Amino acid sequence: MEIELSSQQLAARDKFREFAQNEIEPFADQHDRDENTPPELIGKMAEAGYLGAVVPREYGGLEMDAITFGLLCEEIGRSSTSILSLLTVQGMVCQAIAQWGSPEQRMHWLPKLATGQTIAAFGLTEPDVGSDAGSVETAAVEADGHYVLNGKKQWISFGQVADLFLIIAQCNGKATAFLVERDSPGFSSNAITGMLGFRAAMLAKLSMDECRIPAANLVGRIGFGFSHVAGVALDHGRYCVGWGCLGLAEACLHASLEYANQRKQFGSLLRGHQLIQQMLAEMIANIKATRLLCYHAGYLKDRGDPALIMETSTAKYFASKTVSQAAGHTLQIHGANGCSSAYPVQRYLRDAKIMEIIEGSTQIQQIIIAKSGLLEFSMEKRRRRKQAAGNA
Amino acid sequence: MTVETVREKIKEVLGQFAADDVADGQEIFTSGLVNSLFAMQLVLFLEQEFQFKVEDDDLDINNFDTLNALVDFVEKKTS
């Protein structure tokens, strides 16, 4: 077993880090305060090809391998989780179209998504539907070669500026996916402000009021919108968030080490205090474990191994808990300074908490992981029974 | 690959990711036996194990809902 990055992956990571350190990090606190991501930054992300990172080359994307893409998420997440969410939702829609779109949808949308000419957002969550995502209430009805959508979506990252939305709605009582363009009649979006974290993620509420879209905008088939179309998107989302958590946790650790090396209390630097060391040790160990889980999920993703679904869920679960704890420790180490706007630490804490909620909350991941463990246990018992019967 | 080998392989993956001892004609999706994650695990398994691409045109519950249907689907895609 070898766990190390290739020279190409190392070079890509350096490039991503340089981009994030120059273009994102110096402005992240300001964007957080403004609750805004300037279009110029989105343009720079597009220019670098990052908005088409997972789009196949035949459609003009970079078609990154899973580990390289993970490294991109890590470096962007280290600088700003709001910008990470742009990468996440763009990729979620790209993946859904690449996997389940019709040939026409792939030909039409993927090149535009790859270059960033089209910005995409994912519309699953609703005002009354969160974790129970299969029960969306937005309704779609077929009429005269069109679908007519009625309903509301909420907490939609980059919903303020996206041109294209992947919307999950009930059609004939079955969850179904549709592509809805911003200029569709009956579609509108309203900015959400005052959030705890992800404040620059341009969150929006979407309204579809007799929103009319061409029948050709159905993605996949009726009834496969949640299980398959959203399934691909959410798996991608969990993967991005897991790696992004790793980046943010590293930012927390770096800030903590720096502060512990310069701040003196009781006549000695914080780094010499054992209770500070305890927090540093927890961060360091959990970050290392998170990295291994992310690598493993990426390895399985590149192989197309079905185990990737559960391993990605596990990585996201552990990574988001890790970053939440790391940000809490970082704030504790910084004390009142960490609570002030002079340090990014308060942003880290606010953003870290969001990571435990998006793309399946910690509690939803726990349910999934426990059920999977129980199944594995049953399988193992059955295998041993068979083996014993064979030996008898 | 024989039909029986295909059946055994699918049965194993059902046991691994969905539920123990699924009967040949038992409904997997429409009965609510499996969760939504299994849908993607199944697609990945079919593509990896039997080396074909599950296309948007293949999204028909009649292709996936029972062990028998899955065996027929694999036969159709690989023949």
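Two residues count as being in contact here when their C-beta atoms, placed from the backbone, lie within 7 Å. Everything below refers to a predicted model.

**View 1. A204(A) and the residues it touches.** Start with A204(A), which sits in strand β7 of chain A. What does A204(A) contact once its neighbours within four places in sequence are left aside? The list is I156(A), G159(A), Q160(A), S189(A), N190(A), A191(A) and I192(A). Take I192(A) from that set: it is twelve residues away from A204(A) along the chain, yet the two C-alpha atoms are separated by 5.0 Å. Is A204(A) buried or exposed? It has 24 C-beta neighbours inside 10 Å, so it goes down as buried, given that 20 or more is what a buried residue needs.

**View 2. M202(A), a positive phi in a loop.** Now look at the loop that joins β6 (187-191) to β7 (204-214) in chain A, where M202(A) is found. Its phi is positive, about 50°, even though M202(A) is not a glycine. For background, most residues other than glycine have a negative phi. M202(A) has 25 C-beta neighbours inside 10 Å and so counts as buried.

**View 3. D144(A), another loop residue with positive phi.** D144(A) belongs to the loop between β2 (139-143) and β3 (146-156) of chain A. Here too phi is positive in a residue other than glycine, with a value near 50°.

**View 4. Helix α8(A) against helix α9(A).** Two numbers set up this close-up: a packed helix pair is described by the angle between the axes and the distance between them. For α8 (residues 274-303) and α9 of chain A, the angle is about 160° and the axes are 9 Å apart. Are α8(A) and α9(A) roughly parallel or roughly antiparallel? An angle over 145 degrees counts as roughly antiparallel, so that is the label for α8(A) and α9(A). The crossing of α8(A) past α9(A) is left-handed. Sorted by class, the residues of this contact come out as 15 nonpolar, nine polar and three charged.

**View 5. Helix α9(A) against helix α11(A).** Stay with α9(A) and turn to α11 (residues 345-355) of chain A. The axes of α9(A) and α11(A) come within 8 Å and cross at roughly 160°, so this pair is roughly antiparallel as well. The crossing is left-handed. Which residues make the contact? From α9(A) there are S320(A), V323(A), S324(A), A327(A), G328(A), T330(A), L331(A) and H334(A), and from α11(A) there are V345(A), Y348(A), L349(A), A352(A), K353(A) and M355(A). By class, that gives eight nonpolar, five polar and one charged.

**View 6. Where chain A meets chain B.** The contact between the chains draws 24 residues from chain A and 17 residues from chain B. On the chain A side, α7 (225-262), α9 (308-334) and α12 (362-391) each put in at least two residues. Which element gives the largest share of that side? It is α7(A), with six residues. The residues on this face of chain A split into ten nonpolar, ten polar and four charged.

**View 7. Chain B on its own.** Chain B holds four helices and zero strands, and its elements run α-α-α-α from the N terminus on. Its radius of gyration is 11 Å, close to the 12 Å that the globule rule gives for 79 residues, so chain B is as compact as a globular protein of that length. Along the principal axes, its C-alpha atoms fill a box of roughly 30 × 25 × 20 Å. Of the 79 residues, 28% count as buried. Among contacts in chain B with a separation of 6 or more, 64% join residues 24 or more positions apart.

View 8. Chain A has twelve helices and ten strands. The radius of gyration is 22 Å, close to the 21 Å from the globule rule for 392 residues, so chain A is as compact as a globular protein of that length. The C-alpha atoms of chain A occupy a box of roughly 80 × 70 × 40 Å along the principal axes. Of its 392 residues, 51% count as buried.

Technical notes. Residues are numbered from 1 along each chain as its sequence is written. Chains are lettered from A and ligands numbered from 1 in the order in which they are written. This is a predicted model: local features need pLDDT of at least 70, side-chain atom pairs count only at pLDDT 80 or more; totals for chains, interfaces and linings use all residues. Ala, Val, Leu, Ile, Met, Phe, Trp, Tyr, Cys and Pro count as nonpolar, Asp, Glu, Lys and Arg as charged, and the others, Gly among them, as polar. The radius of gyration is taken over C-alpha atoms; the globule rule is 2.2 Å times the number of residues to the power 0.38. A residue is buried if 20 or more other C-beta atoms lie within 10 Å of its own, exposed if 12 or fewer, and partly exposed in between; C-beta atoms are placed from the backbone. Axes are lines fitted to C-alpha atoms, for helices over the stretch in contact, and angles run from 0 to 180 degrees between N-to-C directions. Angles under 35 degrees count as roughly parallel, over 145 as roughly antiparallel, 65 to 115 as roughly perpendicular and the rest as oblique. A crossing is left-handed if the near helix is turned anticlockwise from the far one by less than a right angle, and right-handed if clockwise.
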